[in-house]
Structure formats: C-alpha cells, structure tokens
Amino acid sequence: MKIMKRIGAVVTLLFALSLMALAHGNEKHVMGKVTSVSDTSITVETTAKKSVTLEVSDKTKFEKGGSPATLKDLKVGDKVVIHADASGAKLVANEVHFGAKAKSMEGIQGMDGMDHK
C-alpha cells in the first residue's frame, strides 16, 4: 500500500510540474538596463549587450521593489527583469520588475541574456 501511495505522489508531482512548464509556455525573460521608455514600449540593453524593445499594453503589470508601480515610475538606467510573450516577431511585456527586486536577480541569466523557458 505504501508503494502505491508513493507512486501516486510521484505521478501527481510530475503532473503538477508539467502544468507549470506549460503555463510558462513561450514566455521570455529579458534582463538588463532600460535605455528608452515611451508610452508604448520599453527598450532594454540585455546582460548580453543586445538591445531589445518590448511593447507594453494596458495589461502589463509593473512592480518596483516588490510594490505595485506604473510605466511612469520606470526610468532610463533602471535595472529590469521583464516577463514577456512572443507575438510574431515582437515581444509584449506581461510583467516588468525593477528596483531592489530586479537588482537582486542580476546574477541570473537566461539564454544569451534574454530567453528563459
């Protein structure tokens, strides 16, 4: 009976992990320093020294140092971690983290300073 419970627990864990991977989907993580901010986009120089422009929408969430923020709070020079969806050839920001929280993630690097799946 213990073996059946363990097998059930392992299957449940694997299922939960696979759902988490699917939820992450095509999401990209862009990390670096803000070089430009407009009402519709953010341009970031990634940790790999590439320039990446992401669109922002009314659904984009902003967080500064762990507290809710707005696009107007984001400044050129801020270090950011941005979670974005690929939509064709463009990236659309879902979440933009900056301030103390983003600085604490400096050592973390996705593929080529940008992608993380």
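What is the relative accessible area of Glu55?

Analyst: Glu55 has a relative accessible area of 33% and is partly exposed; this class lies between buried (under 20% relative accessible area) and exposed (over 50%), computed with a 1.4 Å probe on protein chains only. The structure is a predicted model, in which local features need pLDDT of at least 70, side-chain atom pairs count only at pLDDT 80 or more, and totals for chains, interfaces and linings use all residues. Residues are numbered from 1 along each chain as its sequence is written, and side-chain values use heavy atoms, with hydrogens and water left out.

Glu55 lies in strand S3, strands being DSSP runs (E, at least two residues) numbered from the N terminus. Its bridge partner is Ser41. S3 pairs with S2 in the antiparallel sense, over five bridges; two strands count as paired if DSSP finds at least two bridges between them. Four residues separate S2 from S3 in their hairpin, where Lys49 takes a positive phi near 65°.

The side chain of Glu55 also meets that of Lys90 in a salt bridge, at 3.6 Å from N to O; the term requires a side-chain nitrogen of Lys or Arg within 4 Å of a carboxyl oxygen of Asp or Glu. This pair links distant parts of the chain, with Lys90 in strand S7, 35 residues away from Glu55. Lys90 is partly exposed as well, at 38%.

The model holds three salt bridges by this rule. Another joins Lys49 to Glu45, also at 3.6 Å from N to O; Lys49 is exposed at 64% relative accessibility, whereas Glu45 is partly exposed at 35%. Asp39 and Lys72 form a salt bridge too, their closest N and O atoms being 3.6 Å apart. Asp39 sits in the loop between S1 and S2 and Lys72 in the loop between S5 and S6, so this pair ties together parts that are 33 residues apart in sequence. Both Asp39 and Lys72 are exposed.

S2 is mostly covered, with five of its six residues buried, and S2 pairs with S1 in the antiparallel sense over five bridges. The largest nonpolar core has 18 residues, and Leu54, Ile42 and Ile82 are among those that touch the most other members. Such a core is a set of buried Ala, Val, Leu, Ile, Met, Phe, Trp, Tyr and Cys residues joined through side-chain atoms within 4.5 Å. S1, S2, S3, S6 and S7 each supply at least two residues of this core, and S7 gives the largest share, four. Leaving aside neighbours within four places in sequence, Ile82 is in contact (heavy atoms within 4.5 Å) with residues including Leu54, Ile42 and Val96.

The chain has a mean pLDDT of 78, and 63% of its residues reach 70 or more; pLDDT is the predictor's confidence in each residue, from 0 to 100. Residues 8-23 stay under 50 and have zero contacts beyond four places in sequence. The stretch 107-117 is also below 50, but has 29 contacts beyond near neighbours in sequence. Where pLDDT is low, the predicted coordinates should not be read in detail.
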